[in-house]
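Please read it with the structure open.

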Amino acid sequence: MDKTSPEYVVCLCRKTTRRQVEEAIEKTGARTLKDLCEKANIGDKCGGCREDLDMILREYYENKESAL
């Protein structure tokens, strides 16, 4: 599945989709990967999704800033 799809499963350990990650970023205000992992309780088990989580975090704020 395409990593940009809202239904892309980012974190297999927690069965977390991209949409859920983006919602967690919005809800928690996480600005760093560490914040996101701690506040949303994802990316802290095997760590295999951290690269994707970081990418989603960067894209989220890039898109938010370009919309201003």
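In this predicted model, the axes of helix 1 (residues 18–28) and helix 2 (residues 33–40) come within 10 Å and cross at roughly 95 degrees. Helix 1 is therefore roughly perpendicular to helix 2, since angles of 65 to 115 degrees count as such. The helix 1 side of this contact is made by Val21, Ala24, Ile25 and Thr28, and the helix 2 side by Leu36, Lys39 and Ala40. Sorted by class, the contact of helix 1 with helix 2 holds five nonpolar residues, one polar and one charged.

Helix 2 also packs against helix 3, with the axes 9 Å apart and an angle of about 105 degrees. This angle makes helix 2 roughly perpendicular to helix 3. From helix 2, the residues Leu33, Leu36 and Cys37 take part, and they meet Arg50, Leu53, Asp54 and Leu57 of helix 3. The contact of helix 2 with helix 3 divides into five nonpolar, no polar and two charged residues. Leu36 is listed in the contact with helix 1 and again in the contact with helix 3.

| Helix pair | Axis distance | Angle | Residue classes |
|---|---|---|---|
| Helix 1 and helix 2 | within 10 Å | roughly 95 degrees | five nonpolar, one polar, one charged |
| Helix 2 and helix 3 | 9 Å | about 105 degrees | five nonpolar, no polar, two charged |

**Chain as a whole**

How many helices and strands does the protein chain have? There are three helices and two strands, and from the N terminus on their order is β-β-α-α-α. The C-alpha atoms of the chain fill a box of roughly 35 × 25 × 20 Å along the principal axes. A compact globule of 68 residues would have a radius of gyration near 11 Å, and the protein chain, at 11 Å, agrees with that. Of the 68 residues, 34% count as buried. Among contacts with a separation of 6 or more, 47% join residues 24 or more positions apart.

Confidence in the prediction is given as pLDDT, with a mean of 94 for the protein chain and 100% of residues at 70 or more. By element, confidence is highest in helix 1, at a mean of 97, and lowest in helix 3 (residues 50–66), at 93. Where pLDDT is low, predicted coordinates should not be read in detail.

Beyond the neighbours within four places in sequence, Arg50 is in contact with Leu33, Cys37, Gly43 and Asp44. Arg50 and Cys11 are 39 residues apart along the chain, and their C-alpha atoms are separated by 8.4 Å.

Val9 is placed in strand 1 (residues 9–11). Is Val9 buried or partly exposed? Its relative accessible area is 35%, so Val9 is partly exposed. With neighbours within four places in sequence left aside, Val9 is in contact with Lys15, Thr16 and Thr17. Val9 and Lys64 lie 55 residues apart in sequence, with a C-alpha to C-alpha distance of 22 Å.

Note on methods: Residues are numbered from 1 along each chain as its sequence is written. This is a predicted model: local features need pLDDT of at least 70, side-chain atom pairs count only at pLDDT 80 or more; totals for chains, interfaces and linings use all residues. Side-chain values use heavy atoms; hydrogens and water are left out. Axes are lines fitted to C-alpha atoms, for helices over the stretch in contact, and angles run from 0 to 180 degrees between N-to-C directions. Helices (H or I, at least four residues) and strands (E, at least two) are DSSP runs, numbered from the N terminus. Angles under 35 degrees count as roughly parallel, over 145 as roughly antiparallel, 65 to 115 as roughly perpendicular and the rest as oblique. Contact means heavy atoms within 4.5 Å. Ala, Val, Leu, Ile, Met, Phe, Trp, Tyr, Cys and Pro count as nonpolar, Asp, Glu, Lys and Arg as charged, and the others, Gly among them, as polar. pLDDT is the predictor's confidence in each residue, from 0 to 100. Buried means under 20% relative accessible area, exposed over 50%, partly exposed in between (1.4 Å probe, protein chains only). The radius of gyration is taken over C-alpha atoms; the globule rule is 2.2 Å times the number of residues to the power 0.38.
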